[in-house]
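The briefing is meant to be read beside the coordinates.

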Amino acid sequence: MIATIAQKKPGRLKTVLEHASGDKRFKILEVHMKKHQFRQDALIEVLHKAQELFGYLEDDLLLFVSYKLKLPPSRVYGVATFYHFFTLKPKGEHTCVVCMGTACYVKGAEKVISAVQENLKIKPGETTADNKVSLLIARCIGACGIAPAVVYDGTVTPRATPESAVEQIKKWVAK
Ligand code: FES
């Protein structure tokens, strides 16, 4: 699928790279790839890191990895779909990714995730029965200074509390 997107929409990569330039998580991922000298055989390690940072692997992220490692998008997508430990974009209309890295954990991320779980009656990695919200976990998204951080539909939000997270979820569910 991602290969088709890349072929049909050559401008897509430009958009992805512009988006990436404003998101610290892409920078961290790039540093990780650099550590592996952008080696193509480091693809699985790179995808692991990408999932840790973003909570799941979405098309734009796979396209970014394929561009940086100079691999065909179809190869990156193939690997991401082959291994069960990779999660592709969840089916929820909205995504809530709670960072459970050390800094966020220490600052109360566990309480945030418990409140969301209780409110939605789902566990991390699951989507509500009405497909409205998917809940995921990330491990250090590079925003430790504003811990605990939660990413709502791709937007990193600082200093989350159980109350603010539940409020956001309720807004989505009410729509
Ligand atoms: S531990 Fe959450 S941003 Fe670093």
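The notes below go from the sheet to the helices and then to single residues.

This is a predicted model, in which local features need pLDDT of at least 70 and side-chain atom pairs count only at pLDDT 80 or more, while totals for chains, interfaces and linings use all residues. Residues are numbered from 1 along each chain as its sequence is written. Helices (H or I, at least four residues) and strands (E, at least two) are DSSP runs, numbered from the N terminus.

**The sheet**

- The model has an open sheet of 4 strands in the order β2-β1-β3-β4, with mixed pairing, where two strands pair if DSSP finds at least two bridges between them.
- The edge strands are β2 and β4 (155-157), each of which pairs on one side only.
- Direction ignored, neighbouring strands of this sheet are turned by 25° against each other on average; here and below, axes are lines fitted to C-alpha atoms, for helices over the stretch in contact, and angles run from 0 to 180 degrees between N-to-C directions.
- Strand β1 (residues 94-99) runs parallel to β2 and is joined to it by 6 bridges, and His94 stands opposite Val133 in β2.
- The pairing of β3 with β4 is antiparallel and covers 3 bridges, with Thr157 in β4 as the bridge partner of Val150.
- Strand β2 (residues 133-138) is largely enclosed by the rest of the structure, because 5 of its 6 residues are buried; a residue is buried if 20 or more other C-beta atoms lie within 10 Å of its own, exposed if 12 or fewer, and partly exposed in between, with C-beta atoms placed from the backbone.

**Helices on the sheet**

- Helix α9 (residues 162-174) lies across β1, β2 and β3 and runs at about 150° to β2; contact between two residues here requires that their C-beta atoms, placed from the backbone, lie within 7 Å.
- The axes of α8 and α9 come within 8 Å and cross at roughly 35°, and the crossing is right-handed; a crossing is left-handed if the near helix is turned anticlockwise from the far one by less than a right angle, and right-handed if clockwise.
- On the α8 side the residues that meet α9 are Lys111, Val112, Ala115, Val116, Asn119 and Leu120, and their counterparts in α9 are Pro162, Ala165, Val166 and Ile169.
- By class, this contact of α8 with α9 has 8 nonpolar, 1 polar and 1 charged residues, where Ala, Val, Leu, Ile, Met, Phe, Trp, Tyr, Cys and Pro count as nonpolar, Asp, Glu, Lys and Arg as charged, and the others, Gly among them, as polar.

**Other helix pairs**

- Helix α3 (residues 24-35) and helix α4 (residues 43-54) pack at an angle of about 160°, with their axes 10 Å apart, which makes α3 roughly antiparallel to α4; angles under 35 degrees count as roughly parallel, over 145 as roughly antiparallel, 65 to 115 as roughly perpendicular and the rest as oblique.
- The crossing of α3 and α4 is right-handed, and the contact is made by Arg25, Ile28, Leu29, His32 and Met33 of α3 together with Val46, Lys49, Ala50, Leu53 and Phe54 of α4.
- Sorted by class, the contact of α3 with α4 has 7 nonpolar, 1 polar and 2 charged residues.
- Helix α5 (residues 59-69) and helix α6 (residues 73-82) have axes that come within 9 Å and cross at roughly 125°, and the two helices are therefore oblique to each other.
- The crossing of α5 and α6 is right-handed, and in it Leu62, Leu63, Val65 and Ser66 of α5 meet Pro73, Val76, Tyr77 and Ala80 of α6.
- The contact of α5 with α6 has 7 nonpolar, 1 polar and no charged residues.

**Loop residues and backbone geometry**

- Pro148 has its place in the loop between β2 and β3, and a cis peptide bond with omega of about -5° joins Ala147 and Pro148.
- Cys140, in the loop between β2 and β3, has phi near 60°, a positive value in a residue other than glycine, and counts as partly exposed with 19 C-beta neighbours inside 10 Å.
- Arg159, in the loop between β4 and α9, has a positive phi of about 40° although it is not a glycine, and counts as exposed with 12 C-beta neighbours inside 10 Å.
- Gly145 is found in the loop between β2 and β3 (150-152) and is exposed, with 8 other C-beta atoms within 10 Å.
- Between Gly145 and Thr128 there are 17 residues of separation in sequence and 31 Å in space, C-alpha to C-alpha.
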